[in-house]
Amino acid sequence: MDKGLEADKGLEADKGLEADKGLAAARAKMQQAGVNAAAIDVFSHYYGELKDGATGLIPEDTISPLTEVDRLDAVEIDPKVAQDAFAQTVVIKLNGGLGTSMGLDKAKSLLPVTDGKTFLDLICEQVLAARQEHGVRLPLLLMNSFRTQQDTLDALQAHPDIAVEGLPLDFLQNQEPKLRTDDLTPVEWPADPSLEWCPPGHGDIYTALQASGILDQLLDQGYRYASVSNGDNLGAAPDAELAGWFAASGAPYAAELCRRTAADRKGGHLAVRTSDGRLILRDTAQTPTDEMHHFTDEHRHPYFHTNNLWFDLQVVKDTLVERDSVLGLPLIRNTKTVDPTDADSPEVYQIETAMGAAIEVFEGATAIVVDRARFLPVKTTNDLLLIRSDAYELDDASRLRLAVEQAPLVDLDTDHYKKLGGFEERIPQPLSLRDAESLTIEGDWRFAGSATATGQARLSGGGSVPDGARISADGLE
């Protein structure tokens, strides 16, 4: 045998042995931490994919664009069907995120939005309003992470009426070890051992529901449908009409979509997999770098995925049982440093999945185009400034509604406003944006109070903004 070939084979065998040791170490670490056995099995499945070189990439030539989708405003829904479906619906909010991109160390849902009310306050008020309007129990369940659970449960004590007898208020997202990119072993970081762990993405919702026993509890109490959305999306309020549409469709699973604009080029989209005709979800991290121009083309892929989902609880349970808890969602390999604030700390892989990717698992899964009002996420301080402004109003059901024809675009200097601390120090009060098309702030500007932006408002350079000032395209007036 050629000595070079023999050496290559020996190297591959060594790597395989290292990876096997890495998986054994990761499983032992999870068992010691009390992670559920089903979650460990799911992690092991994805570890195997990672070891085999899976990247989770979805090339453009393996899909075709999704161009024809039903619109909710064009569908007739029987009010009786809607009422019956809503009575069997549970609202689930993803609440595991810390908002680290904004410098937070607690659940983003605990941030104040308007009138001193937080995202969590408004979510509770939306659920209570829907219960009263439709006369249904409508449980609220939060999927918390080990970093958000306690603060969130403490905050929920201000809403004693939100609990539904016989059901908990939350369930816990699983955790898994971050893996070194050089040898796939669990990373060690004695400076802060909590940073050795990460959540497995929101695709963990299915495993977590099953492992917690809550999936069975819901079914035993007569619930059939789940309406799931991000905790930072106040647009995704409980909706009886959508529940009726989903029940009448007979689909096991559905995704809410919105029409894409130039501002939505980074959002994930649905497509049709050419090999089997199944609907699939493709996110940025799953797109080859040299094909991002296809991904961001809002004309080629005209609808974006809102991460508002509906699924049949019984079908999900049956499928999990059939597949031994492993739905087989596509892998997302996320490369980061073990300490996100230290670029010199060891590079790690975080094995993740997206809950919306489950659309490819269920035969007959579908999608519906909804009004843009159902998509109002807060990912940056730009978004936070906008929803805190008078461009939005709260209606009687605590839903945020756009008070102007089109939401203005906000672009804040990331050097000074990206982190919440710097943002709130510089802009301590809500701004008036009703007469603005956009607001761009370049440099370090500090507001003494409120201010009014008009037209294509812009501030450049840096300085102080007096209370009650007006900002236009020419700067301070």
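Predicted model: local features only at pLDDT ≥ 70, side-chain atom pairs only at ≥ 80, totals over all residues.
In which sense do S1 and strand S12 pair, and over how many bridges? Here are my notes.

1. Residues are numbered from 1 along each chain as its sequence is written, and side-chain values use heavy atoms, with hydrogens and water left out.

2. Back to that question: S1 and S12 (residues 269-273) run antiparallel to each other, paired over 3 bridges. Strands here are DSSP runs (E, at least two residues), numbered from the N terminus, and two of them pair if DSSP finds at least two bridges between them. Look for Ser64, which sits opposite Val272 in S12.

3. Zoom out and you'll find an open sheet of 3 strands, ordered S1-S12-S13, with antiparallel pairing. Strands S1 (63-65) and S13 (279-282) are the edges, each pairing on one side only.

4. Now hop over to Thr319, which lies in helix H10 (residues 313-322); a helix is a DSSP run of H or I, at least four residues. Thr319 counts as buried because its relative accessibility is 11%, where buried means under 20% relative accessible area (1.4 Å probe, protein chains only). Leaving out residues up to four places away in sequence, Thr319 touches Leu327, Val361 and Phe362, a contact being heavy atoms within 4.5 Å.

5. Lastly, the cysteines. Cys124 is buried at 0% relative accessible area, and Cys258 is buried too, at 1%. Searching the whole structure turns up 0 disulfides, meaning pairs of cysteine sulfur atoms within 2.5 Å.

Terms used
Buried < 20%, exposed > 50% of the residue type's maximum accessible area, 1.4 Å probe, protein only.
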